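Good morning, and thank you for coming. Please have the sequence and the model open as I speak.

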Amino acid sequence: MTRELLKRCDSKCELCGSGSELASYELPDSKGYGDARIMICDTCTGQIQDRSTIDMNHWRCLNDSMWSQVPAVQVMAYRMLKQISAEAWARDLLDMLYLDDDMQAWGDAGIEEVDEDFVPHRDSNGAIIEAGDNVVIIKDLNVKGTTFTAKRGTTVRGISLTNNPEHIEGRVNGTRIVILTCFVKKVPASEE
């Protein structure tokens with residue numbers, strides 16, 4: 001079976017085109033929809049199985065793979081685009097993608113319900129910030145109710161989110177404060 005998949009995909013990941021560490025992956029929630037196996041690389045597999053590791057730029061490859069003639073590849077591309085639909089380019093690709101009614105039902109069968117009213121917290125550059133992230137203050141901020149100023153360049157570690165997507169909470173000089181997201185920049189994981 002794996003040999004057939006390798007031949008079909010020409011020994012390349014059917015989602016991103018990478019030729020490294022390929023393995024067969026079966027789309028969940030695919031019973032009754034036909035062959036649900038695709039050949040994908042370890043990078044795609046890891047990000048599909050653990051959403052916290054998703055690298056948005058990696059998934060720009062869906063621009064090509066969503067046009068695959070293999071139904072399971074189209075469905076997986078659709079599911080990933082739905083997961084990252086907070087990105088404008090992903091929404092644009094979703095608008096272009098056409099799935100017939102059966103494939104649309106197959107694609108929707110594997111998607112967890114998403115809160116349509118959810119608005120993510122975003123830093124000054126538009127990057128999504130999550131609880132526990134580290135951010136850097138990009139402007140000197142006078143902290144109300146205290147005698148200190150949160151200086152530009154200060155790293156705030158392990159932030160907390162609030163109900164307002166424009167506010168986060170974090171410790172500066174040992175004091176827990178509320179900070180506007182427009183005055184912070186997310187610290188990339190590679191720099192932590």
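Predicted model: local features only at pLDDT ≥ 70, side-chain atom pairs only at ≥ 80, totals over all residues.

Residues are numbered from 1 along each chain as its sequence is written, and side-chain values use heavy atoms, with hydrogens and water left out.

Let me begin with the cores. A nonpolar core is a set of buried Ala, Val, Leu, Ile, Met, Phe, Trp, Tyr and Cys residues joined through side-chain atoms within 4.5 Å. Buried means under 20% relative accessible area, exposed over 50%, and partly exposed in between, with a 1.4 Å probe and protein chains only. The largest core has 34 residues, and those with the most contacts inside it are L15, L27, I38 and W59. At least two residues of this core come from each of β2 (37–41), α2 (42–49), α4, α5 (88–96) and α6. Helices (H or I, at least four residues) and strands (E, at least two) are DSSP runs, numbered from the N terminus. The most is given by α4, with 8 residues. Apart from this core lies another, of 14 residues, among them V143, A150, I159 and V172.

Next, helix α6, residues 101–109. Which of its residues are buried? They are M103, W106 and G107. Seen down the axis of α6, the buried residues fall within an arc of 100° (taken from the directions from the helix axis to the C-beta atoms), so they line one face of the helix. These residues pack against α4 (71–83), where contact means heavy atoms within 4.5 Å.

Now the sheet. It is open, with 3 strands in the order β9-β10-β11 and antiparallel pairing. At its edges stand β9 (160–161) and β11 (175–180), each with a single partner strand, so one side of each is left without a neighbour in the sheet. Two strands pair if DSSP finds at least two bridges between them; β10 (residues 167–172) and β11 pair over 6 bridges. Within this pairing, R171 stands opposite R176 in β11.

Finally, H121, in strand β3 (residues 121–122). Is H121 buried or exposed? H121 is buried, with a relative accessible area of 7%. Its side chain reaches the backbone oxygen of T162 at 3.1 Å. Leaving aside neighbours within four places in sequence, H121 is in contact with residues including I128, L161, P165 and T181.

Note on methods:
Polar contact = N/O pair within 3.5 Å; in protein donor to acceptor, adjacent residues only side chain to side chain.
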